[in-house]
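The stops below are to be visited in order.

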Amino acid sequence: MPFGTLDRSPPPFFRQGPSALTKLALCSALALVLMVADARFKLVQPARAALALVLQPVQRLLLTPVDAWETAGDYLRGTKRAMAAEDLARRQLAEQAERLSRASALLTENERLRKLLDLQPSLTVPSHAAEILFEAPDPYSRRVVIDRGATQGIAAGSPVINEAGVLGQVTRVYPLSAEVTLLTDKEAAIPLLNARTQMRNAAAGRADGSGMELRFLAANADVKVGDLMTTSGLDGVYPPGLPVAKVTAVERRGDSSFALVLLAPIAQPDSARHVLVLQPMDRHIAAKKEAEVASAAEAASAAEAKATAREVKKAARAEKAAEKAAAKASGATP
């Protein structure tokens, strides 16, 4: 057969039909129509819902290993956290039990010594709860302002404490507020007692406001880093036994007869929010003595009144007896 007579057209199965560009334009237009129709009229929503319903079991089945892995991880992490919390709670319980036993022993010993020495019991000082409002704007002092003043019974010189220990002392009182000078102020001073050696001394704030220091302490004095300093109660202001500071550094210089002892206050004013304002000890003692004198006078007046009442009753009975005797005597005479 000659080449010119050959049919070069593709078979019907391999015929391409429209061009690729035409197909692309047609599919793009159809996709845009479907997108607009779905956005406007929700035409594909039922199909989408049905497909999601059909595929949900398959999704849950495929997510089962992931959920199992996460659950196992959460269980292991929770078990580890629970075991760590249990260990911490056991340690804290043991420490608290030890502290409780020591506190009970010290309390028993204190009561026994007080009975032995015939000492008076510790005084209960009246107090007022207050809240720190802000720090005083003076950059050369360490002071805070509280929300209680003369109207609430706050007096100048009152000690201010929180749950940790002594914070400072009230130095200025206004009708509804008061200024508290902190222990770290350069003008502050407080008498202290070394809880370990029972040695008394006085501490003052450092010039830079970074802490406190013991002044005029002999170079050979028995003081160590970590010693707890408490109030001595000898100044008539602070009750005895309140924690104040701990020794942080001891420097003994050969060219000086005094040692440089630095202290760190236990009560941190930067983290303090609520405080207690105590009544000064001298005022409390004076008020207590006045109350004792008043109660004694009241008791004496009550006793005198009772004695007077008894005398009146005796006189009345004697008068009645005399009247009866006089009546009998008048009746017996002719």
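Helices (H or I, at least four residues) and strands (E, at least two) are DSSP runs, numbered from the N terminus, and the expected span of a helix is 1.5 Å times one less than its number of residues. This is a predicted model, in which local features need pLDDT of at least 70 and side-chain atom pairs count only at pLDDT 80 or more, while totals for chains, interfaces and linings use all residues. Residues are numbered from 1 along each chain as its sequence is written, and side-chain values use heavy atoms, with hydrogens and water left out.

**Stop 1: the helix α1**

Select residues 20-41. These 22 residues form helix α1, which reaches 31 Å from its first C-alpha to its last, close to the 32 Å expected at 1.5 Å a residue. Two of the 22 residues are buried, so α1 lies largely in the open; buried means under 20% relative accessible area, exposed over 50%, and partly exposed in between (1.4 Å probe, protein chains only). Next, select Lys-42, which follows α1 and has a positive phi near 55°.

**Stop 2**

Select residues 200-205, strand β7, which runs antiparallel to β8 and is joined to β8 by three bridges. Strands are paired if DSSP finds at least two bridges between them. Within this pair, Ala-203 has Leu-214 of β8 as its bridge partner. Six residues lie between the strands of this hairpin, and Gly-209 takes a positive phi near 75° there.

Now turn to β8 and β11, which are antiparallel and joined by five bridges. Here Met-212 stands opposite Leu-263 in β11.

**Stop 3: the aromatic pair**

How many aromatic pairs does a search of the whole structure find? The search finds one. Rings of Phe, Tyr and Trp (its six-membered ring) pair if their centres lie within 6.5 Å; planes under 30 degrees apart count as stacked, over 60 as edge-to-face and the rest as tilted. Select Phe-216 and Phe-258: their ring centres are 6.0 Å apart and their planes at 80°, so the pair is edge-to-face. Phe-216 lies in β8 (residues 212-218) and Phe-258 in β11 (residues 258-265), so the pair ties together parts that are 42 residues apart in sequence. Phe-216 counts as exposed at 69% relative accessibility, whereas Phe-258, at 38%, counts as partly exposed.

**Stop 4: the lining residues**

Finally, select Val-166, Leu-167, Leu-182, Leu-183, Thr-184, Pro-265, Ala-267 and Pro-269, which line the largest cavity.

Technical notes:
On a 1 Å grid over the protein atoms alone, a cavity is a set of points where a 1.4 Å probe fits but cannot get out, and a pocket is an open set with protein on both sides within 12 Å along at least five of seven lines; lining residues have an atom within 4 Å of a point.
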